[in-house]
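I opened a notebook page for this structure.

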Amino acid sequence: MSGVLNIFVVSPDTRSERRIEPYWTVQVLKLSDNSKTLSEYGLRDWQVLKIEDTNPSTSFTGQLTDLSQVDKFELSETEYAKRQDSVLAFKKRNRVGRFAETNEAEDAAPQSAAGIEVGARCEVESTEPGLSKRGTVRYVGQTKFSKGVWVGIEYDEPLGKNDGSVQGERYFACRPSYGVFARPDRVRVGDYPELDLEAEEM
């Protein structure tokens, strides 16, 4: 046998692929009979060489993957808040996420929903060109998920994001994926009959 062999070496802690020469002695791999060559064991390309520790009490076998022996680092919320090298501190310094600046005037004065009444037909402004999202107004008012006035709409098609409830709070009821909440300035109330989907497809 000649040429380089590719073998997989596995043990309780590792798995690797190695390239070896068949004329190497077993001593090179730290096995029992040091005088034999690997070719005498009939080692072939892409075989798996499994390493077993015959005396684990004197080695680290298995200890590298035993997480029960690892001391866990725990930090209370109060201690975490005091740290200056944390993600929380970064967000506070850079006013990211919930620490971002808000327009207090907008929060204090909810948007007007004048002219938008429950039961009215409407069309919701879409960011996708040529897509009309029509439906029926099912809710108008304050919500727990965000400040200001929101309009709850039941779409004619499954283009929504909920079933009339958000974060466990129900504002109206409709089929899943037919409900949505939009700001009043994105809602146009008027004579918007249901789109004839079959006619459009034809």
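**Entry 1: lysine 133.** I looked up the accessibility of lysine 133 first. The model is a predicted one. Lysine 133 comes out at 17% relative accessibility. I log lysine 133 as buried, because the cut-off for buried is under 20%. I place lysine 133 in strand β5. Next I listed its contacts, leaving out residues up to four places away in sequence.

**Entry 2: salt bridges.** How many salt bridges does the structure hold? I get seven.

I started with arginine 121 and aspartate 156. Their side chains form a salt bridge at 2.7 Å, N to O. Arginine 121 sits in strand β4, residues 121-124. Aspartate 156 is in the loop between β6 (149-155) and β7 (165-166). The two are 35 residues apart, and the pair links distant parts of the chain.

Then I took glutamate 123. Its salt bridge partner is arginine 134, with 3.1 Å between the closest N and O atoms. This pair, too, links distant parts of the chain. Glutamate 123 is in strand β4, arginine 134 in strand β5 (residues 133-142), and 11 residues separate them. Is glutamate 123 buried or exposed? I find glutamate 123 buried, at a relative accessible area of 9%. I also traced a network of salt bridges that links Glu123, Arg134 and Arg188.

**Entry 3: glutamate 154 and arginine 138.** I checked this pair separately. Glutamate 154 and arginine 138 form a salt bridge, and their closest N and O atoms are 2.8 Å apart. Glutamate 154 lies in strand β6 and arginine 138 in strand β5, so the pair ties together parts 16 residues apart in sequence. I then looked up accessibility for both partners. Glutamate 154 has 15% relative accessibility and counts as buried. Arginine 138 has 35% and counts as partly exposed.

Entry 4: I followed up on valine 87, which lies in helix α2, residues 87-94. Its relative accessibility is 54%. Valine 87 therefore counts as exposed, the cut-off being over 50%.

Note on methods:
Residues are numbered from 1 along each chain as its sequence is written. This is a predicted model: local features need pLDDT of at least 70, side-chain atom pairs count only at pLDDT 80 or more; totals for chains, interfaces and linings use all residues. Side-chain values use heavy atoms; hydrogens and water are left out. A salt bridge is a side-chain nitrogen of Lys or Arg within 4 Å of a carboxyl oxygen of Asp or Glu. Helices (H or I, at least four residues) and strands (E, at least two) are DSSP runs, numbered from the N terminus. Buried means under 20% relative accessible area, exposed over 50%, partly exposed in between (1.4 Å probe, protein chains only). Contact means heavy atoms within 4.5 Å.
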